[in-house]
Each structure stands twice: as C-alpha cells, then as structure tokens.
Protein chains: 4
Amino acid sequence: MSTTTASTGDGRFAGRRVLVTSADQYMGPAVTARFENAGATVIAHHGSYGPGEQDPAAVVAAAQPLDVVVVNLLVVQPLSGVADIPEDVWRSMFDGMVDPTMRFVTAALPEMIKRRSGKIIVVTSTTPLRVSRGLAAYTAARGAQNAYVRAAGAEAAPSNVQINAVAQNYVYGGYAVDALENPAMRAKVMREVPAQRIAEGWEQAELVLFLASESSNFICGQVVPFAGGWVS
Amino acid sequence: MSTTTASTGDGRFAGRRVLVTSADQYMGPAVTARFENAGATVIAHHGSYGPGEQDPAAVVAAAQPLDVVVVNLLVVQPLSGVADIPEDVWRSMFDGMVDPTMRFVTAALPEMIKRRSGKIIVVTSTTPLRVSRGLAAYTAARGAQNAYVRAAGAEAAPSNVQINAVAQNYVYGGYAVDALENPAMRAKVMREVPAQRIAEGWEQAELVLFLASESSNFICGQVVPFAGGWVS
Amino acid sequence: MSTTTASTGDGRFAGRRVLVTSADQYMGPAVTARFENAGATVIAHHGSYGPGEQDPAAVVAAAQPLDVVVVNLLVVQPLSGVADIPEDVWRSMFDGMVDPTMRFVTAALPEMIKRRSGKIIVVTSTTPLRVSRGLAAYTAARGAQNAYVRAAGAEAAPSNVQINAVAQNYVYGGYAVDALENPAMRAKVMREVPAQRIAEGWEQAELVLFLASESSNFICGQVVPFAGGWVS
Amino acid sequence: MSTTTASTGDGRFAGRRVLVTSADQYMGPAVTARFENAGATVIAHHGSYGPGEQDPAAVVAAAQPLDVVVVNLLVVQPLSGVADIPEDVWRSMFDGMVDPTMRFVTAALPEMIKRRSGKIIVVTSTTPLRVSRGLAAYTAARGAQNAYVRAAGAEAAPSNVQINAVAQNYVYGGYAVDALENPAMRAKVMREVPAQRIAEGWEQAELVLFLASESSNFICGQVVPFAGGWVS
C-alpha cells in the first residue's frame, strides 16, 4: 500500500525535465517519486484541467523545456447502469480526462518535434480492453484516450517523439483503491487476476519510466496493459 | 458505387420497427434500403444531433416502439497534423458522434430491457484499430464509441438486448468516399486491403442486418471489423 | 441443449455444396443441420484427420466441387498444469487441429481461386483471446489456427475467396459441454458471460452460415468471437 | 546495423543467471550482449532444438540455476503462396519454434515455481497481429507461441514467475534482415512503419531486459509489440 520506490536512486534521468499532471492524484505521487529517485527534475503539477480549471497550455508553457510529459488524469465515475448515466457525469469524464489529454499533447508536441526528442506517456485504464460493470462513461472516455494515443503516437513517431499509454488496473493509488480493500474485490482479484495481488504504485511507475527512457525509442503509439495479466 | 440491395426482398424483418439515424448520410441510405427490402418498417430520421440540433431522446420517443436502432453518425474531420487540431474541430467530433451515441442508447434501452428484446448497432470506424494519418480527433471519437459499445453491450446483454458496433473502412458512402476515387487511394486499396476493392454500401448493410436479427442474439458488446481484411 | 434449427427452411443455399469436417463432433451436427435447412447439399464427413487417420486431401477431392468448407475440428485436452503437459497430449492438439486445418485449406483453395469464389470457415476457440486455465496446449493450437486464418484469409481475398474463423466458447456441443452442466460452471457463466447463458448450437451455426453467404464477401481473414460477450 | 549496447554497463543483473537459446541467431547476439553488459552471467547456448537436434530439457538442466530464460528461436519460411506451402516447411516451423518453446518452459518452470521467482521471455513476431504476405506457416507457428505465452503466463503468475513475449518486426538481426536492405523494403518502412526506421538489436534487447527485471513483476502473460508503431 506504500508508494516507496523500488530501486535505489540511479541517476538515469539526471538533467531531464519531467512534467507530471495531477501529481497529487491517481498515479501522480508514485510516478513523481520514481522520476525524482532517478534524478529527474520533476515539475509535479497539482489539480485538474476541466472547464474553469487550469489550462494545460499554460501549465506546459510554464514548465518548458520538457523532455517527458506524464499525462495522468482521473475522474471517478459513480457506478451507474448504462441507461442511467447522468449527463453531467458523462460530460465530466470527457472534460476532465479526454480534452486535457489532447491539450497537453498539443501544447508539448511542437517543441519536442522541433528538438526531435521527447516522450509523452498517458496513464489510462484497461476498461476499454476488458469491461468493468457500471463504468460505461469512464470506459468511453478511456477508450477515447487510448485511440488518441495510437493516432498521435503514429504521427509523432517520424519526429522521434514517442507517445504511448499505460492501460492499468489493480494498482494501489489507481481507480477504486478503497474497493480493493473489501473482501469481495479481493476474492475477485484472487480469482481473475493471474498475479493474484494488487500492484504497488512504484511498479506502475517503473513501466512509465521505461517508456520515458531512450531505451524504448522504437515503442510508439502503443497501449501497454499493466494489470497483472488480467488483460492480454 | 450503387446502393442497391443485394437480395430480393425476403420479409425477414416484416413487422419490425427500425430507427436509422442520420439516414441521409454515411451508411444511412444503404442501411435503410436494406431493412426496407427485408420488410421492416424503417423510421429513417434525417439530420444531425449535436448541440442546438435534434434531440435523440425526442427522436426515439416519437419512433417508439422500436425493435432495432442503427446509430449511424458521421462528422468528417479536415485532415490535420496531431498538434494542429482546432478546438472546434475536436469538439465537433464528440458533439456529433460520441454524445449522441450515448443519448440514443440511453433513450432506447429502457423499453428494450422491459421487453427483454432489442438490438442496437452503432456504425463506427476502423481508425481506433489501425491508424489513418491526419485523423487523430476522429479516431479518438470513434474510439470512445467503440469502448462505449463494449461496456454498454456487456450491461445490456443479461436483458437479452444486444449492442454491437460495425467498425468499417473502405465502403462506398462511408468516410472519404471521394478520396477513394483518386488514383493514390486506389493504389493504397490494391496494396493494403486484402479484398483489393471498396465495398458497396449494401454489403455493409448485410452485416448490420445480421446483427439486428434474432440469429445473432449471442453476439453482444462486439466491435466487428468490416474492412476487406484491412484490420484483423 | 437441442440442435434444432432456428428458422424454417429458406433455400438460401440451394444448389451450393458444403463440406463439414468431423460432422459428428463439436459444432458439426449443428452446422450440418443448419446448412441442410438452408437447402445446401451437405457433405457431412465423419471422423478425424490426424496421422494414420483420414487424409484431408482425399476428403476434399471426393467432395468436389465445393462452394463452402467448414473446418470443424476438436481434440480435447485433459486439464493439466502448464509444466505438466504430456508430450503426446501436446502433439495430439497440433496433429488433430492445426495440421488438418492447413491441409483442408491447401486442398480446397486452388479450385476456389480458379473459380474466383469460395468460403472457408474454421471453427476455433476464444482461448487464445482470453485464457482458460489448464488448457495451454489447446490454447497454443487454437492460436495457431487463428493466426493461420488471418494469414490465409489475407492471401485468398484478392481471388474473392473468404477465409474466416469463429472463435467460440460457451456453446452447447462445444468444448466441455458436460462441465457446463455443473453448478460451478453455471455460476461462472452467470458471473462472467454477459449473455448469462450458454448458446444453442444452431446460434453458432447461424454465424457460420452468414460467413458462408455472398452477403459477407468483404469480411475476410477475421477471427470473429462468438461467446456471449465474454471476449470483446 | 551494429549490435553494440546502448548503455554503459550498469550491473543491474549482477549475480543473475540468464539462459539465451539460439544465442548465435535472431536476437540472440543482441540479447546476450545486453545482459552481459548489465552484469548477468549469460549462458549463451548455440544451435537449434528440432527433432534430432539439441534437447531443451538437457540444455536447461546443464544451465541451472536460472533466473531468466530467453526463448529465442527462428526458422525462416521461404515465401510461398498459402496453397503452396510444402509439408516439410510447415513441419519445420512447429518443430523448430513451437515445440521447443513448450519444452524450454516446461523444463525451466518447476525450479522457478519452487523458488517463487523467475522470468521467461519468448521472442516472437508481429505476424499473427498484422499479416505479412507469403508467410502463413511462419505466422501460424508464431501465433501458437503467442497464445501459449498468454496461457502459460496466466498459470505461472500466481507463483511470481512472469512469462511474456516480445512480438517484433523491423529489427536488425531479426527476420528478413537482408530484405530490409533493399529499396522496396525501405520504401515500405518509410510508408508503413511510424518510426520510419529499422531498430537496432540492442533496442529490442532493452525491452527484453525490462521484462527480465524485478521492475516488471506485475506484467505477465503479455505479448508486447516491438515494431516502431507498425502494430498497435
């Protein structure tokens, strides 16, 4: 349940500047800690980016130059039947997750393309790959992000900028972490998740780190599942 | 290039009521013609369903009772680089395709669940499965629809209501039909599409008809590719 | 549990010759009944096609001319841990399912290509798409079939011959039908399969029929799931 | 075109024992060099493992104890039309790639399960995910490997042993490297592969290394594409 880092500091990201969005939420704390541990200069930006909230373009402009942007956004959907999703809940999913993703990419990409170097990692969810009941609005929004990453990743690749997504589930700090504490959810994990456990946040951060490193320059436009084998 | 029906009238849908949205656009004409040919009573509704346009709930209410709803929506994205998508273009994709999909499903589903019978087919695109350059906004919106269909389809299935999508490309009447006439596009079709041709609209309508029939009650929450083998 | 046909006879396949392999096993009886009901001349071939058994090339030669071949093959794997699969069990999966698939396709394809018309449908399984425990050998063999169908389907498509697979699960007459009768399996179906039921054989046969019809000529090289929404 | 390592030696795998199969072929040299650079003790085993060749069980027994096994196997298929694959070519694909994969896993897994620690990475191909013409036999065999990895990975995961595959294409040292030198192939890479280049062997080795590290313990039963965005 902790969010400590796995490895000792290794300096692999020394001198590199990393923006983490909503750094106080979702995978933000774990990702921030891991990049700091690797020697990066992390701009850990807090809060949300919906209408009337903070402007992604301004956030990026203030943080430049940037080597890495981690687009980490979460709006929780109250469980509801598919025919009973309130319009404002539906809207909040796209306002808070989908539109800001596009705006962060649009803001960060031109400088990266100019430098022919840059990494964008979007933290999404497995829901579009394997359905979780009661979350149709959330699933639709995560599906928009995943599809956008595929398209944007393909277009940025020729400029040596890599855009990928991590589609996660069953991670502490991730979606519905409280639910994960209850016995029914734990029984589900034991039965359905091959790893039979919930991952620590730092483990997910390790995958983000790999996708942010020069070691993965040939990986682009991918949606990489991170869910203990729950999707394959 | 024609949109005539393949088969002689067969009466398979006699007595069944089918709503086709945007029946004057995209796959609307071909789907309408095919259902009429099969003896259905088709409510062919014209126009669009964005903000300030027609209200899906009202359209469904006026058309009830409904056995089948074909959610057929298209907003064309002007080709643009991923960092150059205008905000209003981005918005129009979700306004015109994603939100109305949810609203048509939300409006039609309760009666179908009550009757324990009903079919919803959403006509989408292959773009979230295999990228086409310059269409990142369109791809994101189609990805939202595909993910929503998976989630909604799983939730509606226990009530014997089947929701599926047809993810299409390379169909006359479909996206970028004019482009399909130009030599570069035809060369691409010959090189990349295993079927080495563009499908007639009625062929796509046959798949919609199959998914709308009682013969496919065990198929639900699926995104079925229809693209001559271009995606697999 | 019955295998009766859904529709009254419709003559849609009158004058067409259909070979069904292992017609006494797996989906053979349901598929045979459905094609006969549709007016086809069905060559319902019984038995198996492993080493020392019947030769696919001879079966096809004796049945020509053929409009449709349904490659329906099943070898049941005794449940075993992944490190405990006996060599002969492993071998039997490939001998009885994978190699005969290639041989039936190889035997039937040249005449179909010459006529520029023909349909091959391979009945496979969802196991390569979503894992079922204890079946690693079976899964590997079904994965080989699915991949082969994609490759063969792409190559046959320019000649107007369509090769597709139906990846099925939770169908009476299918894999582990007895297991489906037991309470634990039924609980699993209610919990995990959106349709919350097991399909009749004729329902699966309807999908095979659709893929064997002229209505689906633009669908090729696809692995179509048929599992009540269990995979998507 | 070189196979030098990207990073300076980092000692991350000091004290760990890694078996690389067919270390003189395919990705073997790059993977071996990268693990050595990371401080591992690499047992670089040469040759092939078909009938009458070397026995995987004996190779594993001689190399124990093992922390990591990289199942790296390649049999090249002469390009041939789908109806013209010679039986011996077909057989050689399964003999040389599929069966040895199962045998290496079967040999290595019990000790790993006993220790509750171990990593197996199978180097496969994108061909089952996106078709390359003329390679139906190769594709079928790679599809069997990918499906087997999903099944085996799910079963090994509860014992904290991770089995994954890297599905690669467009890598120097990989399949058809000579073809990659010719102008038509390079035009195809520029047109179809988003990264618009061919990867160095060491880049692919970095992904193998990540999957072999403790940082990726929650990733299991996955087939990770490595192809410059060519599949997504």
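Copies are superposed by least squares on the C-alpha atoms of residues with pLDDT of at least 70 in both. The model shown in these views is predicted.

**View 1. Chain B laid on chain C.** A rotation of 180° with 0.0 Å of shift along its axis places chain B on chain C, with an RMSD of 0.0 Å. Of the interface residues of chain B, 97% are also interface residues in chain C, so these copies meet through the same surface.

**View 2. The contact of chain B and chain C.** Chain B and chain C each bring 31 residues to the contact. About 2,600 Å² is buried between chain B and chain C, and carbon and sulfur atoms give 63% of this area. Phe210(B), Phe218(B) and Gln222(B) together supply 27% of what chain B buries against chain C, more than any other three residues. Between chain B and chain C there are 0 salt bridges, while 6 residue pairs are in polar contact, both residues at pLDDT 80 or more.

**View 3. The side of chain B that touches chain C.** The elements giving two or more residues to this side are α4 (136-156), α6 (201-212) and β6 (223-226) of chain B. Among them, α6(B) gives the most, with 5 residues. By type, the residues on this side of chain B divide into 18 nonpolar, 9 polar and 4 charged.

**View 4. The axis relating chain A and chain B.** Chain A can be laid on chain B by a turn of 180° and a shift of 0.0 Å along the axis, with an RMSD of 0.0 Å. That is the relation of a two-fold axis. Ala144(A) is the residue of chain A that comes closest to the rotation axis, its C-alpha lying at 2.2 Å. Of the interface residues of chain A, 100% are also interface residues in chain B, so the copies meet through the same surface.

**View 5. The contact of chain A and chain B.** This contact takes 33 residues from chain A and 33 residues from chain B. The area buried between chain A and chain B is about 3,000 Å², with 63% from carbon and sulfur atoms. Val82(A), Trp90(A) and Glu155(A) supply 22% of the area that chain A buries against chain B, more than any other three residues.

**View 6. Polar pairs and elements between chain A and chain B.** This interface holds 4 salt bridges; one salt bridge joins the side chains of Arg91(A) and Asp99(B) at 2.4 Å, N to O. There are 14 residue pairs in polar contact across the interface, both residues at pLDDT 80 or more. On the side of chain A that touches chain B, α3 (87-115) and α4 (136-156) of chain A are the elements that give two or more residues. The largest share, 12 residues, comes from α4(A).

Note on methods. Residues are numbered from 1 along each chain as its sequence is written. Chains are lettered from A and ligands numbered from 1 in the order in which they are written. Side-chain values use heavy atoms; hydrogens and water are left out. Contact means heavy atoms within 4.5 Å. Buried area is the accessible area (1.4 Å probe) that two parts lose on being put together, summed over both. A polar contact is a pair of N or O atoms within 3.5 Å; within protein, one must be able to donate a hydrogen and the other to accept it, and residues adjacent in sequence count only if both atoms are side-chain atoms. Helices (H or I, at least four residues) and strands (E, at least two) are DSSP runs, numbered from the N terminus. Ala, Val, Leu, Ile, Met, Phe, Trp, Tyr, Cys and Pro count as nonpolar, Asp, Glu, Lys and Arg as charged, and the others, Gly among them, as polar.
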